[in-house]
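Subject: Structure for you to look at

Hello,

Here is the structure I said I would pass on. Please open it next to this email and follow along.

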Amino acid sequence: MQKELTTPGPLLNEQGELCEAGFARSLIKQYDRRAIRAAAHRIKEWDYYLIMNDRWGVALTIDDNSYMGLLGFSLLDFSRPWERTVNIIFPFPGGKTGFPASSAAGDVAVRRKDADFCFKVLPDGTRRLTAWVKNFLDRKPVTAEFTLTDTPQDSMVIVTPFAEDKKAFYYNQKINCMRAAGRVEWDGQVIEFDPAETFATLDWGRGVWTYKNTWYWGSGNGLVNGRPFGFNIGYGFGDTGAASENMLFYDGVAHKLDRLTFGIPQKDGRDDFMSPWRFTSSDGRFEMAFTPVLDRASCTDIGIICSDQHQVFGRFTGTAVLDDGTRLEIRDLLGFAEKVYNKW
C-alpha cells in the first residue's frame, strides 16, 4: 500500500498524534512544534545538506536533539579516496535553535566559538549555505559557501508513525537534484563547485523519536539522457505500512516506488560495507549494483547514547523505471547508501 497525502492540514491533532500517515510530493501537512505532546527531550529537528560532484562532496548539518545540538562538516574526496568529518556538539539547545516549520522559507543559524553555520532560504527560493569550523584538521580552519538553485517541483515527503508510541513520529522531506554553486577553502586550497556538474540534496527532518532504532537510507543525483535524475530510498524504523520513502526523480517529477531491499554483503557474520552491494525492489523498478568507493564511518558510544554510522559512497549501475514504464539505464551514478544505528 502506498497512501498519498493530498489534503492540506495540520500534521498533529489536539492529542499530539498524527492526523494521517503516508507520503506526499510536498510538505502538505503543517508542522508545529507547539502541537507536540511528547516529552521535550524526545523532539529532534535537523537540516542536512549534501553537495556532490564526481570528485568532491560536502555535507553540512545543523541538528537540535533537544538535549544535544550538533554542527557537522564533512569534506570528501572521491578520487583518493579520503574524508574528514568534524562534529561540534553543544548541550541542551532545547528547540532554541529556531528551525523553521517549513523547508520553503525561513533561516536557521548557530554560532559557537569554534564554528558558525547559517542556512538561508531567499524569497525567490534560492538557498544560501555558509559554514566555518575553526579546527577542521591540524588546527586549520575550513570555510564553505554555496548557492542552491533549480529546486524541482516534486520532493519526497513521508509521515511515519511509531507503533510503540502514538505521540512519536517522523516528518521528513528529501529534496533531490538542486543545482549547487560554491567553494570550499581549506589548508590553502580553494575547491570550486560548478553548478553544471554539482547537485545538492536536502534532508529536512522534524519529529519525536523512540529511543532505539536503525535506519537505511540511500540517495543519488546526476544527469541521465541529459536531464536531472535522482532517487531517495530507505526504510528500517517506524511503521511504514502506509507508504515507503522510495522515490525516483526525473526532470523535476517524482515517480513513486514500492518496497526496496538493501543487499549489504556479509563477511564472517558481519556487514561488509566495502564489498559490492545489490538493491532490489518489490515492483522491479529499482534494480541496482552498487560499487563502494568510501565508507564515512563513525561510532560514538557512551552507554545510554550511541550512534554507529556507515555512510558508504559509491557508484550505482542498473535500471530505474518511471511511472509510465519508461526504463532508464543508469551507469556509474555517484551516490551513497547508509546504515545507522542510534540509541538517542
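A residue is called buried if its relative accessible area is under 20%, exposed if over 50%, and partly exposed in between, with a 1.4 Å probe and protein chains only. The model is predicted, so local features need pLDDT of at least 70 and side-chain atom pairs count only at pLDDT 80 or more, while totals for chains, interfaces and linings use all residues. Residues are numbered from 1 along each chain as its sequence is written, and side-chain values use heavy atoms, with hydrogens and water left out.

Y216

Y216 has a relative accessible area of 18%, so this residue counts as buried. Y216 belongs to strand β16, residues 212-224 (a strand is a DSSP run of E with at least two residues, numbered from the N terminus). Which residues are in contact with Y216, leaving aside neighbours within four places in sequence? They are I233, G234, Y235, G236, F262, I264, E338 and K339, where contact means heavy atoms within 4.5 Å. From Y216 to G236 is 20 residues in sequence, but 5.8 Å in space, C-alpha to C-alpha.

The sheet

Strand β16 is part of an open sheet of 9 strands, in the order β19-β18-β17-β16-β26-β25-β24-β23-β20, with antiparallel pairing (two strands pair if DSSP finds at least two bridges between them). The edges are β19 and β20 (260-263); each has a single partner strand, so one side of each lacks a neighbour in the sheet.

Two pairs in this sheet can be followed residue by residue. Antiparallel strands β18 (residues 247-250) and β19 (residues 253-256) are joined by 4 bridges, and F249 has A254 in β19 as its bridge partner. These two strands form a hairpin with 2 residues between them, and D251 in the turn has a positive phi of about 55°. Strands β24 (residues 286-301) and β25 (residues 306-321), also antiparallel, are joined by 15 bridges. In that pair, C306 of β25 is opposite D301.

D64

D64 sits in strand β5, residues 56-64. D64 is buried and has no salt bridge; R33, the nearest side chain of opposite charge, is 5.2 Å away. A salt bridge is a side-chain nitrogen of Lys or Arg within 4 Å of a carboxyl oxygen of Asp or Glu. Polar atoms of the D64 side chain lie 2.9 Å from the backbone nitrogen of S66 and 3.1 Å from that of G95. Not counting residues up to four places away in sequence, D64 touches several residues, among them I43, K44, P93 and F99.

Regards

Methods: Lys and Arg count as positive and Asp and Glu as negative; His and the chain ends are not counted. A polar contact is a pair of N or O atoms within 3.5 Å; within protein, one must be able to donate a hydrogen and the other to accept it, and residues adjacent in sequence count only if both atoms are side-chain atoms.
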